[in-house]
Amino acid sequence: MPERPDPAALIAGHAVVIDMIDSGGAGLPALARLLEVVGPAIGAAGTVFVEFTSTGGRVVAATGSAEWAVGRPVSPTDPATVRLLAGPRVREVDVARLPGPFADELAGHGLRRMVVARAEIGGVTVGSLHAFYPDGDDSSGAGRHEMVGYVASCIAQIYGDQTGPPAHGDGPVVAALADGLAVADRDGQVRLWNPAAARVTGRSAAEALNRPLPFPLPEPGQGLDHRLPDGRWVRITSGEVPGPATLRVVTLRDITEQQLRDEDRDLFVAVTSHALRTPVTVIKGYADTLTDHWDSLTEADRREAARIIGQRTNELARLVDRLLTSATDQRPGEPPAPFDLGDALRSAVADLPADLRRRIVLDVPADLPRALGDRQSIATVLIELGTNADKYSPPDSPIELAATITGQYVSFRVSDRGIGIRPEHVERAFERFWQGETGGRRGYPGAGLGLYLVRRIVEQQNGWVSLRPRPGGGTVAEVRLPCR
């Protein structure tokens with residue numbers, strides 16, 4: 001680490017990131033590369049970027065001594081988070097003065113001070129960048145704060161979010177409307193554009209006024225649903241103002257969530273029908289064979305048919321359980337309680353299908369601390385992670401299951417030597433119904449629900465789960481649960 005900040009190294013590294021983006025790279029890979037650049041340039045022991053969305057915060061990228069935090073949820077209402085997101089955009093913080101368990105985890109890794117900067121667009125915070133330093137290290141060296149603030153601004157540009165509320169309005173009533181409101185003249189030129197219209201479309205008043213409407217205009221009294229360039233959906237309605245000016249009043253409403261719900265419903269029906277059809281067809285085929293050809297089958301053939309029917313029935317039961325769980329918003333009925341994670345893992349392995357169980361290489365220390373959560377859910381989590389590893393790795397390769405203690409968390413990892421996961425997919429993999437392959441043909445079966453359910457189950461126990469590529473090929477899935 002340099003004794004003083006190295007702006008030249010930061011600029012050179014940033015240029016590489018810009019070239020990466022210009023070549024089509026974006027998202028998490030570009031963000032992670034930028035963090036790898038800034039850490040050495042400012043002499044930080046580790047860096048972290050926390051992304052904030054409407055559903056909360058999460059560590060989506062980290063380097064150095066803070067790499068362990070990737071995937072950790074960060075509540076925007078947590079007192080420590082509130083304190084960090086208030087006040088100056090760039091500031092230095094003594095970790096020991098922050099409340100809550102995250103500060104204890106940082107201190108446990110020797111990270112005692114931080115420089116934090118908010119990534120903002122239009123006054124909207126999309127995330128926060130944290131540079132960590134060990135105890136006694138001087139994090140206030142000349143230029144470090146400015147460099148961290150600069151990189152946070154660069155990250156905000158990577159996100160490209162233009163939904164910040166603009167400072168424009170035509171009177172308090174129009175400005176206060178929740179729906180977007182625009183007025184266009186007979187030539188289609190915009191004459192009024194309220195703040196909600198700017199929020200809905202991502203186009204500021206300065207960009208919209210005295211220019212043509214940036215979307216199709218329905219006939220008076222009618223409406224249409226239109227998809228914006230950034231992928232969001234708006235419902236547009238219009239009407240005419242009587243008089244010689246022939247003004248058109250246009251209202252805009254963001255219906256993206258409704259569209260997503262409709263798409264989710266259609267996708268749920270399609271995935272369910274497809275996923276159920278395969279095991280049902282196999283079960284019916286073997287059952288018909290036993291019924292129609294019982295006398296001509298050997299004892300070995302009958303046993304094999306019964307084995308396959310049982311296997312497919314178990315798969316069908318697990319699939320139905322996944323579908324029902326993903327379609328509801330159930331929460332555990334019992335509060336978290338201490339349990340022996342090592343014993344729970346060993347029991348869960350014993351209950352795995354025989355073909356998968358034979359591939360498991362177990363490394364669970366006898367003195368593993370007790371975890372705090374729901375013991376019964378460990379079997380579900382392990383079978384989903386194990387099935388995922390089994391599906392995406394060669395059948396003769398081992399699947400390693402290892403447990404360890406990390407600060408105030410006890411964790412276990414499922415590691416394979418399969419096809420691996422691309423860095424830009426480590427978060428998308430937890431989305432419902434998402435799979436790494438797209439298009440009409442998929443090389444791997446499944447409904448795209450396993451990892452989605454794993455994240456829900458683990459986070460309901462105040463833990464977190466993350467994926468990462470394994471050096472040399474393969475994927476590592478890691479689950480962390482509080483141990484006190």
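User: How many helices and strands does the secondary structure of the protein come to?
Analyst: The model is a predicted one. Of the 484 residues of the protein, 42% count as buried. The secondary structure amounts to 14 helices and 18 strands.

User: Which strands stand at the edges of the open sheet formed by six strands?
Analyst: The open sheet has the strand order β3-β2-β1-β6-β5-β4, with antiparallel pairing. Two of these strands each have a single partner strand, so one side of each is left without a neighbour in the sheet. The edge strands are therefore β3 (73-74) and β4 (90-94).

User: Which residue of β3 is the bridge partner of Gly57?
Analyst: Strand β2 (residues 56-64) pairs with β3 in the antiparallel sense, over two bridges. The bridge partner of Gly57 in β3 is Val74.

User: Are the helices α11 and α13 parallel or oblique to each other?
Analyst: Two packed helices are described by the angle between their axes and the distance between the axes. For α11 (residues 341-350) and α13 (residues 375-391), the axes come within 9 Å and cross at roughly 45 degrees. Angles under 35 degrees would count as roughly parallel. The two helices, α11 and α13, are therefore oblique.

User: How many nonpolar, polar and charged residues does the contact of α11 with α13 have?
Analyst: The crossing of α11 past α13 is right-handed. On α11, the contact is made by Leu341, Asp343, Ala344, Leu345, Ser347, Ala348 and Val349, and on α13 by Arg375, Ile378, Ala379 and Leu382. By class, the contact of α11 with α13 has two charged, one polar and eight nonpolar residues.

Definitions and conventions: Residues numbered from 1 in each chain as written. Predicted model: local features only at pLDDT ≥ 70, side-chain atom pairs only at ≥ 80, totals over all residues. Heavy atoms only, no water. Axes fitted to C-alpha atoms, helices over the stretch in contact; angles between N-to-C directions. Helix = DSSP H or I, 4+ residues; strand = E, 2+ residues; numbered from the N terminus. Parallel < 35°, antiparallel > 145°, perpendicular 65-115°, else oblique. Left-handed = near helix turned anticlockwise from the far one by under 90°. Contact = heavy atoms within 4.5 Å. Nonpolar A, V, L, I, M, F, W, Y, C, P; charged D, E, K, R; others polar. Pairing = 2+ DSSP bridges. Buried < 20%, exposed > 50% of the residue type's maximum accessible area, 1.4 Å probe, protein only.
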